Amino acid sequence: YQSVLPIVILKLFGAEAAGVLAVAGRVVGSAMIAQDALVLPILSGGTMVFVSGSTEQIRLFLAKSFKATIAAALLPLAFVAAFGTTMVFAWTGEADPKFQMALWLCALAALLKAISLLQLILYRASGRALLDNIRQVLRIAAILVVALLGRTIGFTGVLTGMAIAEFLGVVFMFFAIAATFRVFSTRTAIEDTVRISVAASMIIAAGAIGGSIPLPWDMAVRASATLRLIQIALGCLVATWPVLRLTKFLSERERSTLLSFVYRRRAALAVTE
């Protein structure tokens with residue numbers, strides 16, 4: 001599945017388009033570090049919760065897992081989608097117009113893939129292993145159709161097809177999760193997604209404002225892009241906590257847990273020093 005698109009794009013559109021996809025994939029992949037780190041804790045925690053047989057614990061675990069995954073994936077991917085071309089230019093010095101659309105579509109596909117991967121983990125943690133294999137076959141079939149139509153639909157169409165293939169996997173696994181866990185609430189997952197989407201938009205807006213502050217000196221173009229990225233990142237960081245509180249994405253208990261974790265980390269660093 002992972003090898004089909006790079007080969008198709010290289011064959012149909014040449015090395016330049018393949019290079020754009022490779023760089024976009026690297027940038028988007030770097031935004032998925034936090035979500036990747038959640039995989040093992042969710043798998044091990046899900047196994048223990050499902051073995052317990054507690055309906056309330058299962059319901060809570062499903063809700064928190066979706067919430068954490070959406071937050072860990074959507075916020076950094078929104079940053080990449082908004083400022084990815086600046087990141088690419090600061091990194092490589094390249095400003096190919098294909099980068100913007102490639103970053104948008106790769107980020108969308110990565111977000112859908114993160115949700116689909118979570119669904120797969122939860123389904124496997126329940127002890128089942130049939131529908132997730134059907135999901136994989138469905139994704140492979142979709143991406144092969146995209147490959148066959150590649151010359152007709154063009155570079156952007158192929159990347160759009162990649163996102164559609166991931167979307168089909170998400171939809172299929174939503175039905176699988178709902179059938180496996182009767183306590184799963186699609187409404188709660190949608191509400192959390194809407195809240196974090198609004199929060200991400202506000203955080204990105206704050207970053208854009210921070211990046212628009214003019215620099216007081218002249219410098220090389222790539223160095224200027226790097227400093228602008230720092231300004232954008234600082235604007236996003238400053239806005240993140242107030243925005244999460246304003247949108248009520250984090251409950252009081254979740255905020256207390258997060259703050260206590262931060263304070264413990266600071267205390268541990270202070271002791272180490």
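In the predicted model, E166 counts as buried, with a relative accessibility of 3%; buried denotes under 20% relative accessible area, exposed over 50%, and partly exposed the range in between (1.4 Å probe, protein chains only). This residue is found in helix 6, where helices (H or I, at least four residues) are DSSP runs numbered from the N terminus. When residues up to four places away in sequence are not counted, E166 touches Y1, A109, L112, K113 and R139, a contact being defined by heavy atoms within 4.5 Å. The model is a prediction in which local features need pLDDT of at least 70 and side-chain atom pairs count only at pLDDT 80 or more, whereas totals for chains, interfaces and linings use all residues. Residues are numbered from 1 along each chain as its sequence is written, and side-chain values use heavy atoms, with hydrogens and water left out.

R135 is found in helix 5 and likewise counts as buried, at 5% relative accessibility. Its contacts, again without residues up to four places away in sequence, are S116, L120, G169, F172 and M173. Between the C-alpha atoms of R135 and K113 the separation is 12 Å, although the two residues are 22 residues apart along the chain.

Helix 5, which spans residues 131-148, also contains L138. With a relative accessible area of 32%, L138 is partly exposed. Together with I164, F167, L168, V171 and F175, L138 makes a nonpolar surface patch of about 530 Å². Patches consist of residues with over 30% relative accessible area and no salt bridge, with nonpolar side chains (Val, Leu, Ile, Met, Phe, Trp, Tyr) joined within 5 Å and like charges within 9 Å. A salt bridge is a side-chain nitrogen of Lys or Arg within 4 Å of a carboxyl oxygen of Asp or Glu, and accessible areas come from the Shrake-Rupley method with a 1.4 Å probe. Helix 6 (residues 150-180) gives the most to this patch, with five residues.

The structure also holds one cavity of 30 Å³ or more. A cavity is a set of points, on a 1 Å grid over the protein atoms alone, where a 1.4 Å probe fits but cannot get out; lining residues have an atom within 4 Å of a point. The volume of the largest cavity is about 30 Å³, taken as the space filled by probe spheres set on the points, which are joined across faces, edges and corners. Its lining is formed by Q35, L38, V39, I42, T69, L117, L118 and I121. Helix 2 (33-52) and helix 4 (98-125) are the elements that give two or more residues to this lining, and helix 2 gives the most, with four residues.

Conventions:
1 Å grid on protein atoms, 1.4 Å probe; cavity = no way out; pocket = protein on both sides within 12 Å on 5 of 7 lines; lining within 4 Å.
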